[in-house]
Amino acid sequence: MKLLIAGGAGYVGSTLIPKLLDRGYKVDVVDLFWFGNHLPRQAGILNKDIFQLSEEDLEPYDQVVFLAGLSNDPMAEYSPSKNFVFNAAAPSYLAYMAKKAKVKRYIYASSCSVYGYTENELYDETRPVSSSYPYGISKLQGEQAARQLADENFSVIALRKGTISGYSPRMRFDLIINTMFKSAMKDRTITINNPSIWRPLLSIQDAATAYIRAIEANHSISGVFNVASGNYTVGEVGDLVKAAIEERLGLSIHLIIKHIQDFRNYKVSIEKAKNVLSFHPSHDLKSIVVDLIDNMGKFQDWDNPLYSNISTFRSIESSIEMQAMATAVHQ
Ligand SMILES: NC(=O)c1ccc[n+]([C@@H]2O[C@H](COP(=O)([O-])OP(=O)(O)OC[C@H]3O[C@@H](n4cnc5c(N)ncnc54)[C@H](O)[C@@H]3O)[C@@H](O)[C@H]2O)c1
């Protein structure tokens, strides 16, 4: 089977792709490489924008997986217009071209953030979505555009993922557990902005498993699936990160508890993913922290801007603006 992974050089793709290669799949990655390239040599590379892909480019593939776009709220809010282009138009264009090219399945990286602010109820995929901020709206738009193309010849699977954490060769420290881990290791403190807010969390290893289950699911399967390793309050996340570090490393970590209003609060049911995709998470919060501790030697340059999506995106954007200004001056 031949797979094209759009945005495959990112945090999720850098963990997923070695596993796909191990399973014997042929894998190509189309990416703009905003955060560098940490992929195995066996992965084929197309260094370009999704919008530059033609129908012909997509014809060789059995399945296309979308992992690209602006992948968090700060990036989306920094540039709402680019957010809607990269997160809504790009996955729509790719799904449309993939279907035209007779690709058999399209897998879309959705997010539980489409649920917005809910009142402490467990949400399954039938519950209303209600995000009112750029990232959540655009993730839903991308999901809806892809889903409405599904038919008996074109399977579409959308994975609404919780916030991912853990070690990946392309590292991020702007994701809840990873952020707490970094500040605990650097400053011996963990700041909790609102202890009562609920979040579904997903280990990076379980995230990769969810994509493998979707790729290998029976062709007749299409649909939306919540994917998480577990639901936690942010207060509990802080306690568990602190406890795991103290137990494993013998350090003393101080908690700072604040009560700042958040616009996202949700917990999700993953029963559908269990029953239909055979997705069973095998990690929890402690094993995510242990994974970070075990891999710590690979990322002690904590403040490397490449580990923060918004820092890297801001500098890419300002260098593009500088180039445009320089071109205008020389015209
Ligand atoms: N990380 C999470 O916690 C999380 C949770 C839910 C959903 N998601 C979604 O999962 C996907 C993967 O997340 P991630 O953390 O790996 O993101 P990431 O930011 O690490 O990687 C995104 C990759 O996409 C590439 N890219 C962006 N726009 C592109 C374009 N137009 N053409 C080609 N390449 C492009 C970037 O260069 C980057 O390598 C994203 O769509 C994100 O919205 C992530």
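**Figure 1. Composition of the shell around the ligand in the predicted model.** By residue class, the shell around the ligand in this predicted model holds 15 nonpolar, nine polar and seven charged residues. In total 31 residues surround the ligand, and the closest are Asp31, Ala68, Ser71, Arg170 and Arg172. Four elements, helix H1 (11-22), strand E5 (105-111), helix H5 (134-147) and strand E8 (163-165), each supply at least two residues of this shell, and E5 gives the most, with three residues.

Figure 2. A polar side-chain atom of Asp31 lies 2.6 Å from an oxygen atom of the ligand, and a polar side-chain atom of Arg170 lies 2.7 Å from an oxygen atom of the ligand. For Tyr11 it is the backbone that takes this position, with an N or O atom 2.8 Å from an oxygen atom of the ligand. The ligand on its own has 840 Å² of accessible area, and the protein covers 99% of that area.

**Figure 3. Arg172 and its surroundings.** Arg172, one of the residues closest to the ligand, lies in the loop between E8 and helix H6 (176-187). Because its relative accessibility is 5%, and buried means under 20%, Arg172 counts as buried. The side chains of Arg172 and Asp174 are joined by a polar contact of 2.8 Å. When neighbours within four places in sequence are left aside, Arg172 is in contact with Tyr11, Ser71, Asn72, Asn178, Tyr307 and Asn309; of these partners, Ser71 is also listed among the residues closest to the ligand, and Tyr11 places a backbone N or O atom 2.8 Å from a ligand oxygen.

Figure 4. Leu53 lies in the loop between strand E3 (44-46) and helix H2 (55-58). Not counting residues up to four places away in sequence, Leu53 touches Leu4, Val30, Leu46, Lys48, Leu58, Tyr93, Leu94 and Met97. As a reference for distance within the fold, the C-alpha atoms of Leu53 and Asp206 are separated by 30 Å, the two residues being 153 residues apart along the chain.

**Figure 5. Helix H10 and the elements that cover it.** Helix H10 (residues 285-294) is mostly covered, with seven of its 10 residues buried. The buried residues of H10 are Leu285, Ile288, Val289, Val290, Asp291, Leu292 and Ile293. What covers these buried residues includes E8, H6, strand E10 (198-203), helix H7 (204-216), strand E12 (230-233) and helix H8 (234-249).

**Figure 6. The whole protein, as context for the close-up views.** The protein contains 11 helices and 14 strands, and its C-alpha atoms fill a box of roughly 60 × 55 × 40 Å along the principal axes. Its radius of gyration is 20 Å, which agrees with the value near 20 Å for a compact globule of 331 residues. Buried residues make up 55% of the 331 residues. Among contacts between residues at least 6 apart in sequence, 80% join residues at least 24 apart. The accessible surface comes to about 14200 Å², and 51% of that surface belongs to carbon and sulfur atoms.

Notes. Residues numbered from 1 in each chain as written. Predicted model: local features only at pLDDT ≥ 70, side-chain atom pairs only at ≥ 80, totals over all residues. Heavy atoms only, no water. Near = heavy atom within 4 Å. Polar contact = N/O pair within 3.5 Å; in protein donor to acceptor, adjacent residues only side chain to side chain. Areas by Shrake-Rupley, 256 points an atom, 1.4 Å probe, with all protein chains shown as cover. Nonpolar A, V, L, I, M, F, W, Y, C, P; charged D, E, K, R; others polar. Rg over C-alpha atoms; globule rule 2.2 N^0.38 Å. Buried < 20%, exposed > 50% of the residue type's maximum accessible area, 1.4 Å probe, protein only. Contact = heavy atoms within 4.5 Å.
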